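I opened the notebook to look up a few things in one structure. The entries follow in the order I made them.

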Amino acid sequence: MSFSSFAEVTSYLDSFSYIQTASAGLLREARLERMSLLLDALDHPEDSFRSIHVAGSKGKGSTCCYLSALLTAAGHRTGLYLSPHLSDYRERFSLNGTFFDDDLILDTAQKLERTVSSFSLPEEYGQKKPSTFELYTAYAYMLFKAAGCEYAVIETGLGGRLDATNTLNPVASVITPIELEHTNVLGSTIEKIATEKSKIIKKNRPVFLSMLKMDAMEVMKKEAERQNAHLYSLSDELMSLQTDTMECGEVCTFSFRDGYHASLVLSMRGEVQAENAALALLTARRLGFYIQGKSEKAVETASLPGRFEMHRYKGKPVVMDVCHTKVSAGHTVSSFKALYHDKNTACIFAAVDGKDIDGMLSIILSSFTKVVISKPDSYKKSNSRKIYERALAMKSDDNIVVYEEESRSALDEAVSDSSAVLIAGSFYLASRFGGILNVEQQ
């Protein structure tokens, strides 16, 4: 097979998405063995760079972005692996904040395809060929090796313990806030989910923790002790943090107990971004890639699609933010309301299966008069009609709840009698609306 475009590469990799059958559970349970065998066949490209491994329920993508920017500012050739993407698959892997050259992308894909064509996994590990996520992960590692990366910041996919990325031996692990998510896979309590994510902590390697709930923190402390991993907790290190969402950006100030102080205006708005930035700076300072002045500037200018993006549609302000837990929905709504105080605002909402739908709806219905339930991209399963029915059952007499599956119709409905609109929920919702909003502003 010969690739002539990146679209052909992604079509090839996506063809390994398996239908959920009886073997799906086996495929997940054998994920680390499967990934290890694939990396054996590829001569372990992940050993060619130093990695920082990041897990969590919310904020992990932004934290990864900040860490990548900090490493780049310190002069390191740095790869960044994220998932999912919003509008362009190349968002999943970048080099010093930019996309890879087309020639390198195609050449690396060719090498991967040649290996996979003759590669087969043992029957006891489920499907004989690697899954799409396993292949994207291996492809990212190959790109980072081919580009001569010194470092790579790697975001986990689902969970941590059995995630394909957990075959890494990172220089450090970073764990962002943990909430109820993917409960059908990771467990129904914060403690169970934290246990899954704690397994990225590696023996004798430091771990950096965001402000975690007590039950999640206890899990992390126990795992760090088992692994003899030095634990740095933002809760212990940080003395104060203040943040305000403003038109110019997220204006935040934080002070650490060791005397470090920073006042920043972050390009990525939203009150959660201050904590993500503080965690990344803590990591940089302890690992030795902090440079006074340069590091702060790098964090201020770092950005990712879908993080409190500000648009206009038919003359009305529209904010788009990915959030997929009750707590993150609360932060998103709080930041939105800090900018738009008028009660006459609307929210477009959708989420994929496995999320705390009722929890997120409770936040949204209590904050917006009009709620438009829409449909995310079909890549992940979502019962948008069921979400609409739940919203109808939960709404008060003050709420207007509307169902509009088509994106432009949902936008038209939301702005028709509202002063400002929030689009909140799944990545796969934002990916549908991003294109419309970007065209509108051209």
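Is the crossing of α3 and α6 right-handed or left-handed? I looked it up: the crossing of these two helices is right-handed. I am working from a predicted model, and I keep that in mind throughout.

**Entry: α3 against α6**

Two packed helices are described by the angle between their axes and the distance between the axes. I looked up both values here. Helix α3 covers residues 31-41, and helix α6 covers residues 132-146. They pack at an angle of about 40°, and their axes are 11 Å apart. Angles under 35 degrees count as roughly parallel, and 65 to 115 as roughly perpendicular. The angle between α3 and α6 is therefore oblique.

I then listed who makes the contact. From α3 come Arg31, Arg34, Met35, Leu38 and Leu39. From α6 come Phe133, Glu134, Leu135, Thr137, Ala138 and Tyr141. I sorted the residues of this contact by class: seven are nonpolar, one is polar and three are charged.

**Entry: a salt bridge between those helices**

How many salt bridges does the structure hold? I found 19. One of them pairs Arg34 with Glu134, and their closest N and O atoms are 3.0 Å apart. Arg34 sits in α3 and Glu134 in α6, so the pair ties together parts that are 100 residues apart in sequence. I checked burial next. Both Arg34 and Glu134 are buried.

I went on to Glu179 and Lys213. Their side chains meet in a salt bridge, at 2.8 Å from N to O. Glu179 lies in the loop between β5 (172-175) and α7 (183-186), and Lys213 lies in the loop between β6 (207-209) and α9 (214-226), so the pair ties together parts 34 residues apart in sequence. Is Glu179 buried or exposed? Its relative accessible area is 6%, so I noted Glu179 as buried. Lys213 has a relative accessible area of 39%, so I noted Lys213 as partly exposed.

Next I looked up Arg286. Arg286 forms a salt bridge with Glu237, and the closest N and O atoms are 2.6 Å apart. This pair links distant parts of the chain. Arg286 is in helix α11 (residues 272-287), Glu237 is in helix α10 (residues 234-237), and they are 49 residues apart. Arg286 is partly exposed, with a relative accessible area of 35%. Glu237 is buried, with a relative accessible area of 15%.

**Entry: Val272**

I stayed with α11, where Val272 lies. Val272 is partly exposed, at 26% relative accessible area. I also looked up the C-alpha atoms of Val272 and Pro177. They are separated by 10.0 Å, and the residues are 95 apart along the chain.

**Entry: α8 against α9**

Back to helix pairs. Helix α8 (residues 190-198) and α9 pack at an angle of about 35°, with axes 8 Å apart. Their crossing is right-handed. On the α8 side I listed Ile190, Glu191, Ala194, Thr195, Lys197 and Ser198. On the α9 side I listed Asp215, Ala216, Val219, Met220 and Glu223. By class, the contact of α8 with α9 has five nonpolar, two polar and four charged residues.

**Entry: Thr63**

Where does Thr63 lie? I found Thr63 in helix α4 (residues 60-73). Its relative accessible area is 0%, so Thr63 is buried. I left aside its neighbours within four places in sequence. Then Thr63 is in contact with Val174, Thr176, Asn276, Leu279 and Ala280.

**Entry: backbone exceptions**

Most residues other than glycine have a negative phi, and most peptide bonds are trans. I looked for exceptions. A cis peptide bond joins Ser83 and Pro84, with omega at about -5°. Pro84 is in the loop between β2 (78-81) and β3 (93-95).

Asn228 is not a glycine, yet has a positive phi of about 55°. Asn228 sits in the loop between α9 and β7 (231-233). At 54% relative accessibility, Asn228 counts as exposed.

Phe308 is not a glycine either, and has a positive phi of about 45°. I placed Phe308 in the loop between α12 (294-301) and β11 (309-313). Is Phe308 buried or exposed? Phe308 is buried, with a relative accessible area of 2%.

Definitions and conventions. Residues are numbered from 1 along each chain as its sequence is written. This is a predicted model: local features need pLDDT of at least 70, side-chain atom pairs count only at pLDDT 80 or more; totals for chains, interfaces and linings use all residues. Side-chain values use heavy atoms; hydrogens and water are left out. Axes are lines fitted to C-alpha atoms, for helices over the stretch in contact, and angles run from 0 to 180 degrees between N-to-C directions. Helices (H or I, at least four residues) and strands (E, at least two) are DSSP runs, numbered from the N terminus. Angles under 35 degrees count as roughly parallel, over 145 as roughly antiparallel, 65 to 115 as roughly perpendicular and the rest as oblique. A crossing is left-handed if the near helix is turned anticlockwise from the far one by less than a right angle, and right-handed if clockwise. Contact means heavy atoms within 4.5 Å. Ala, Val, Leu, Ile, Met, Phe, Trp, Tyr, Cys and Pro count as nonpolar, Asp, Glu, Lys and Arg as charged, and the others, Gly among them, as polar. A salt bridge is a side-chain nitrogen of Lys or Arg within 4 Å of a carboxyl oxygen of Asp or Glu. Buried means under 20% relative accessible area, exposed over 50%, partly exposed in between (1.4 Å probe, protein chains only).
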